[in-house]
Amino acid sequence: LQRRRVVGVLQGRQEYGRQGLTHRVLLAVPAARERLLVVAPLASDLLRYTLVLRLEDVPHVLEEEVRSPYGLFMGTLRPWVRAQYPGLAWPVGVMTVHTIDPGTEPLLHALLGHLKMNTTYPMLLSAPWPQMKSDEGSPVKLTVQQALGLMRRGPLDHVIVEQNWISKPQSNPDPHRI
């Protein structure tokens with residue numbers, strides 16, 4: 001994440017909808033928004049990604065104290081965040097926020113804690129996985145195999161499956177060797 005990579009998460013049950021509950025989402029630091037757009041394009045200019053924050057970081061990033069465990073509420077970004085990441089939020093500076101704590105989201109809480117120690121990004125952007133469809137056109141559950149296939153074919157760099165971190169293999173310099 002510190003190197004502006006996109007990470008896919010598959011934990012627990014399947015989620016549907018624009019935001020998800022961070023059990024099956026794509027994550028990136030705000031500076032990697034353009035890379036995230038390639039993996040998970042926004043369906044319209046009216047949509048924005050969800051900002052994922054640890055509860056203890058809310059006062060540093062948002063103007064108001066927002067507790068939003070399911071991305072239910074909007075928060076106003078502080079001026080330094082808007083200046084550092086123009087276009088991240090709506091023109092008035094608000095965006096959907098998903099706050100987490102170690103009791104409900106231990107993996108993401110730990111990832112954000114690591115980012116805060118090592119970078120200036122105490123926050124992540126969350127996006128849903130691209131919608132998978134059956135041959136008939138109806139939505140289907142995203143499988144681990146499909147997630148790994150997306151990683152192999154595109155700009156997705158890592159996939160977390162439950163507690164397992166899987167990285168994209170480095171490109172093979174010899175195309176005849178697997």
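Asp57 forms a salt bridge with Lys116, and their closest N and O atoms are 2.6 Å apart. A salt bridge here means a side-chain nitrogen of Lys or Arg within 4 Å of a carboxyl oxygen of Asp or Glu. Asp57 sits in the loop between β3 (50-54) and α2 (58-61), while Lys116 belongs to helix α4 (residues 106-118), so the pair ties together parts that are 59 residues apart in sequence. Helices (H or I, at least four residues) and strands (E, at least two) are DSSP runs, numbered from the N terminus.

This is a predicted model: local features need pLDDT of at least 70, side-chain atom pairs count only at pLDDT 80 or more, and totals for chains, interfaces and linings use all residues. Residues are numbered from 1 along each chain as its sequence is written, and side-chain values use heavy atoms, leaving out hydrogens and water.

## Salt bridges

Side chains of opposite charge can pair when their charged atoms come close. How many salt bridges does a search of the whole structure find? The search finds five. Three of them are listed here with their closest N and O atoms.

| Pair | Closest N and O atoms |
|---|---|
| Arg54 and Asp57 | 2.8 Å |
| Asp57 and Lys116 | 2.6 Å |
| Glu63 and Arg78 | 3.7 Å |

Arg54, Glu56, Asp57 and Lys116 are linked in a network of salt bridges. Is Asp57 buried or exposed? Asp57 counts as buried, at 1% relative accessibility. Buried means under 20% relative accessible area, exposed over 50%, and partly exposed in between (1.4 Å probe, protein chains only). Arg54 is buried too. Lys116 is partly exposed, with a relative accessible area of 34%.

Now take Glu63 and Arg78. Their closest N and O atoms are 3.7 Å apart. Glu63 lies in the loop between α2 and β4 (73-76), and Arg78 in the loop between β4 and α3 (79-84), so this pair ties together parts that are 15 residues apart in sequence. Glu63 is partly exposed at 36% relative accessibility. Arg78 is partly exposed as well, with a relative accessible area of 26%.

## Helix α4

Lys116 is in helix α4. At 1.5 Å a residue, the 13 residues of α4 should span 18 Å, and its end C-alpha atoms are 18 Å apart, which agrees. The expected span is 1.5 Å times one less than the number of residues. Which residues of α4 are buried? They are Leu108, His109, Leu111, Leu112, Gly113 and Leu115. What covers them includes β2, β3, β5 (94-100), β6 (123-128), β7 and β8 (164-167).

## Strand β1

In a regular strand the side chains alternate between the two faces of the sheet. From strand β1 (residues 7-10), Val7 and Val9 point one way, Gly8 and Leu10 the other, and all are buried. Two strands pair if DSSP finds at least two bridges between them. β1 pairs with strand β2 (residues 24-28) in the antiparallel sense over four bridges. β1 also pairs with strand β7 (residues 158-161), in the parallel sense, over four bridges. Gly8 stands opposite Leu26 in β2 and opposite Val159 in β7.

## Thr99 in strand β5

Thr99 is found in strand β5. Thr99 counts as buried at 4% relative accessibility. Its side chain reaches the backbone nitrogen of Ser68 at 2.7 Å. Contact means heavy atoms within 4.5 Å. Not counting residues up to four places away in sequence, Thr99 touches Leu53, Leu55, Val58, Val66, Arg67, Ser68 and Pro69.

Notes. A polar contact is a pair of N or O atoms within 3.5 Å; within protein, one must be able to donate a hydrogen and the other to accept it, and residues adjacent in sequence count only if both atoms are side-chain atoms.
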